[in-house]
Amino acid sequence: MATSTKQTKIQKSLEKYTKDLIHFDKTASEVDKASLKQEVFEKAASAIQSKHSYTELIRKENELVRQRDSSIDMDIEDLTILDYSIKVIRLAQEKREMGHQKNEVTISKAILESGAIMFASSRKTKENTKVIPIEKHANGERVLTYYNPLGKASKFDSRVFIGLHKLWEDKGKNQQFTFTLYELCKVLNLTANGKNYQNIEHALEVLYNLSVEMRYYIKHKDEKIVTTRFHMLSADTTVTNISSETKKTLNIQRAIIFSDLLQLSLLEGYVSYISLALLEDIQKDTAHHLYLLLSSSKINEFGRCEYEFDDLCDIIGIKKEYPKYKKKQLLNEAIQELVEVKVLSRHQYPRGTSKVLLYPSEWFATIINTEGKVIDEKAHDIPLLLERIEEKRVAENRVVINV
């Protein structure tokens, strides 16, 4: 029902603009006609791509092409309207694709590599659930456990978390920053209305309550294991501004403080780059996870990213208990979605191995290979970052005591 409603909205927009195009065909001089029509095409495509996802535009194009190909007794003007509509939709897709390639958000590469924001789940949980541990494994060892009294986070919560990074950068990269719900809506390309405000409020509540327990082996020291638990957001304050005259709410501001680990890794430039427009267009949770994973991956000398099949399925949220054929089906669906949005060009399962080979598209490979200027990447391993934060705290406490 939701899909048909959105398709109807696209159709109404198309009718508005194709009416103008037909009008220029009938009334404009040959000298002015081409430029006037091009202005309408650009205006229509810009308006439509800003309100509809890439998938919706693809569906609309397919619908229009079917109508045109099945037309038998359609008159010339109706056929022209269909051709104009298809051209607008294809131009809107191009503009949407350009937005995919604007990777405007910097995310801590250390956090991405840890898997700490790949916590989306489509499964619903009971409201009275107290603690939901969500475990991630690597090589048989538990390395991450997520806890949240509000239940499992959603893909939208993850998108809001990444949107906060855009605001963090826009507002001066300070560990504490203030924003309005309207500003966050704008960053996420959402209409500023009560429903979206409510969804964002809930997402912020989920994110604040989310804590991550990380267990890491420090390889350069004998038998040392670091286990730490922390919140990604260390503080969250709400300020409601009310008009003294009308007593109505003027705006609601939030004051967020990023955790020390998040702030340090961002400031030191060990980052990956994420496109909020692309996140908006990715539909499946598994594809969402796979995109984030690829954003923090490295491309080998053969121009691809390589993973073990079972490890990759586990990371992107495919249940361990599923049979292999089911896992492969769900993984293929995630890969196919990333091929459709041109993040991946193709994939391969080499015979006689348990490997999955993923080939990034040309533009996405360029994004992956663009890294922050850091002197020593090893210094940004999570355990070492945690040690440096602790050393800083101890030093600050000494200064306070001496004073």
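**Ground rules.** I number residues from 1 along each chain as its sequence is written, and I use heavy atoms for side-chain values, leaving out hydrogens and water. As the model is predicted, I ask for pLDDT of at least 70 for local features and 80 or more for side-chain atom pairs, while totals for chains, interfaces and linings use all residues.

**Helix 2.** I take helices (H or I, at least four residues) and strands (E, at least two) as DSSP runs numbered from the N terminus. I looked up which residues of helix 2 are buried, meaning under 20% relative accessible area with a 1.4 Å probe and protein chains only; exposed is over 50%, and partly exposed is in between. They are Lys33, Lys37, Val40, Phe41, Ala44, Ala45, Ile48 and Gln49.

**Aromatic rings.** I count rings of Phe, Tyr and Trp (its six-membered ring) as a pair if their centres lie within 6.5 Å, with planes under 30 degrees apart stacked, over 60 edge-to-face and the rest tilted. That gave me 7 aromatic pairs. Phe177 and Phe179 have ring centres 6.0 Å apart and planes at 35°, so I logged the pair as tilted. Both residues are buried.

**Lysines over rings.** I call a charge over a ring if NZ of Lys or CZ of Arg is within 6 Å of the ring centre and within 35 degrees of the ring normal. Lys87 lies over the face of Phe41, 4.2 Å from the ring centre.
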